[in-house]
Amino acid sequence: MSKLFALSGSDDFCPGGPIYPNPKESGLLLPLGPNVDVYFRARKRSRISAPFVYSEERFEQKQVSIEVLPDECLFEIFRRLDGGEERSACASVSKRWLSLLSNIHRDEIRSLKPESEKKVELVSDAEDPDVERDGYLSRSLEGKKATDIRLAAIAVGTASRGGLGKLSIHGNNSTRGVTSAGLRAIARGCPSLRVLSLWNTSSVGDEGLCEIANGCHQLEKLDLCQCPAITDRALITIAKNCPKLIDLTIESCSSIGNEGLQAVGRFCPNLKSISIKDCRLVGDQGIASLLSSATYSLEKVKLQRLNITDVSLAVIGHYGMAVTDLFLTGLPHVSERGFWVMGSGHGLQKLKSLTITSCMGVTDLGLEAVGKGCPNLKQFCLRKCAFLSDNGLISFAKAAFSLESLQLEECHRITQLGFFGSLLNCGEKLKALSLVSCLGIKDQNLGVRSVSPCKSLRSLSIRNCPGFGDASLAVLGKLCPQLQNVDLSGLQGVTDAGFLPVLESCEAGLAKVNLSGCVNLTDKVVSTMAELHGWTLEMLNLDGCRKISDASLMAIADNCPLLCDLDVSKCAVTDFGIASLAHGNYLNLQILSLSGCSMVSDKSLGALRKLGQTLLGLNLQHCNAISTNSVDMLVEQLWRCDVLS
């Protein structure tokens with residue numbers, strides 16, 4: 001036994017060294033039975049000594065894991081990983097590791113490789129076609145996928161692939177939604193972020209957006225929608241730390257008010273676009289400060305449903321020297337005086353597009369002033385303005401001599417006199433005229449004298465105006481000889497007698513024609529159109545024209561080689577008409593809609609298969625005479641074509 005206790009050095013009798021400090025003490029041998037002692041064969045010392053736990057029958061050795069290390073130690077290890085792939089691999093181990101890695105700022109990463117190896121890696125990344133050159137990786141999270149864990153994974157994963165440039169978060173996960181912690185990970189791992197969109201993220205507050213401001217100084221576009229926890233404090237921090245901001249959209253953010261907008265105007269000299277909607281705390285003070293500070297940079301302004309008054313419009317009219325696009329919607333506290341002052345301010349010299357919707361302050365006097373104060377206005381859209389009359393519209397048309405597009409929608413005080421008066425007084429640059437749902441239009445024979453035609457007009461759209469009929473169309477045929485695009489959808493009062501003069505007077509050749517809902521038009525109109533404009537016609541919509549039959553399809557097949565989009569839904573066409581289309585020698589249809597054609601049956605299967613050689617889209621919805629088997633066969637054979645059934 002003395003030799004046994006004399007063991008030393010590399011001959012320790014158990015792994016990890018002697019079990020007891022003094023191996024010669026009695027009782028060190030562990031008895032397994034009444035007269036049995038345990039002897040271990042000599043082995044070398046292990047590098048890591050794991051503790052032993054004694055039990056009555058055996059020794060238990062605890063498993064050693066890196067997880068026992070505190071977060072501070074793991075943090076130091078992770079920030080010394082050289083490559084993005086190594087960090088991504090570690091992030092996949094557990095949520096704890098992912099959380100630690102996502103909280104490492106890129107400036108805190110310490111590489112252990114020499115400078116020469118770093119340069120080689122940079123060259124290899126530049127040659128890798130999968131690596132984004134400009135740091136514009138895009139990621140989008142919606143609904144249940146919008147969580148902090150996913151944001152942390154994005155922050156770690158995109159860092160080695162060029163960097164995240166665009167992040168969109170739409171919708172919130174009610175149980176594990178995005179919070180400020182997720183945005184903190186993005187801010188620390190994605191300094192190249194340029195575009196951020198947050199929609200319906202009620203759990204994100206000022207802390208998260210402040211992290212973005214402090215970590216993403218390249219931010220250029222910010223879109224906030226339904227973020228009630230974000231206040232002026234966050235917006236002020238964004239303004240101070242993101243001087244490259246050029247586009248800001250704020251919608252339904254109940255805690256953002258004037259102070260935030262004032263900071264944006266003061267600290268964002270490159271701001272070009274601002275859109276504010278449904279923010280109850282935003283008033284004249286914020287809008288006025290923003291507009292006056294961004295006089296020479298702001299190009300696009302959109303103000304919708306705000307508690308602003310005439311003061312804001314006066315500031316726009318005076319300081320909007322760079323504004324080219326202006327949208328005003330639902331401003332109940334703006335009166336006639338506001339629009340008059342805006343037009344008389346002579347600051348909107350560069351304004352090219354103006355859209356006004358649901359503003360009760362739009363009157364004849366105010367609109368005329370706007371026309372005179374905006375000499376370069378090219379596009380004007382007026383919706384749901386009940387107090388504008390014919391006199392105001394004609395006066396505006398005379399003043400806005402650069403106007404190229406005029407659109408009127410639900411302006412019920414506009415009559416036939418105002419419509420034709422504006423057409424005749426808009427000047428030689430008017431190219432598009434649209435009239436939608438204006439119930440004040442009544443079909444009367446005006447007896448227009450000999451006037452010079454409007455040769456510049458190329459596009460005419462008159463939709464859902466029940467009072468517009470044959471007499472009005474006859475006048476239009478004389479006034480607009482260069483029409484190329486015509487949309488008369490929903491005009492049930494139009495007949496062949498009214499539309500035929502339009503077809504006969506068009507000299508340039510019609511390219512796109514929409515006659516959907518014109519229930520009184522017959523095959524004569526389509527046949528005449530095919531004969532006179534067949535070589536220019538590209539799109540024809542006859543949806544709901546119940547008097548259109550196979551004769552129209554025969555004329556189209558023989559005369560319209562450029563036609564690529566044809567809609568004869570709910571028309572009286574049969575299998576014979578479809579066969580006629582299929583036998584057209586020059587027809588090259590790409591889109592064909594037969595929805596609701598109850599007289600088209602399985603007999604047209606062969607013709608549809610032949611048409612399918614060029615078709616990209618085929619609509620067979622509500623074609624009850626076509627069986628399911630035939631549709632399945634078409635879907636299988638026409639592999640290039642999307643078939644709706």
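Visitor: Hi! How many of the residues in the protein chain count as buried?

Guide: Of the 645 residues, 49% count as buried; that term means under 20% relative accessible area, with exposed being over 50% and partly exposed in between (1.4 Å probe, protein chains only). This is a predicted model, where local features need pLDDT of at least 70 and side-chain atom pairs count only at pLDDT 80 or more, while totals for chains, interfaces and linings use all residues. Residues are numbered from 1 along each chain as its sequence is written, and side-chain values use heavy atoms, leaving out hydrogens and water.

Visitor: Thanks! How many helices and strands does the protein chain have?

Guide: There are 23 helices and 22 strands in the protein chain. Both are DSSP runs numbered from the N terminus: helices are H or I with at least four residues, and strands are E with at least two.

Visitor: Is helix 7 buried or exposed, and why?

Guide: Helix 7 (residues 180–189) has eight of its ten residues buried, so it is largely enclosed by the rest of the structure. Among the buried ones are Leu183, Arg184 and Ile186.

Visitor: Which residue meets Arg184 in a salt bridge?

Guide: That would be Glu207, with an N to O distance of 2.8 Å between the side chains. A salt bridge is a side-chain nitrogen of Lys or Arg within 4 Å of a carboxyl oxygen of Asp or Glu. Arg184 lies in helix 7 and Glu207 in helix 8 (residues 206–215), so the pair ties together parts that are 23 residues apart in sequence. Arg184 is buried, at 19% relative accessible area, whereas Glu207 is partly exposed at 44%.

Visitor: How many salt bridges does the structure hold?

Guide: Ten. One of them joins Lys372 to Glu368, whose closest N and O atoms are 3.3 Å apart.

Visitor: Where do Lys372 and Glu368 lie?

Guide: Both are in helix 14 (residues 364–373), four residues apart, about one turn of the helix. An α-helix has 3.6 residues a turn, so residues three or four places apart point the same way. Lys372 counts as exposed, at 57% relative accessibility, and Glu368 as partly exposed, at 24%.

Visitor: New topic! In the protein chain, what percentage of contacts between residues at least 6 apart in sequence join residues at least 24 apart?

Guide: The figure is 81%, where contact means heavy atoms within 4.5 Å.

Visitor: And where is Lys95 found?

Guide: Lys95 is in helix 4 (residues 95–102). With 58% relative accessibility, Lys95 counts as exposed.
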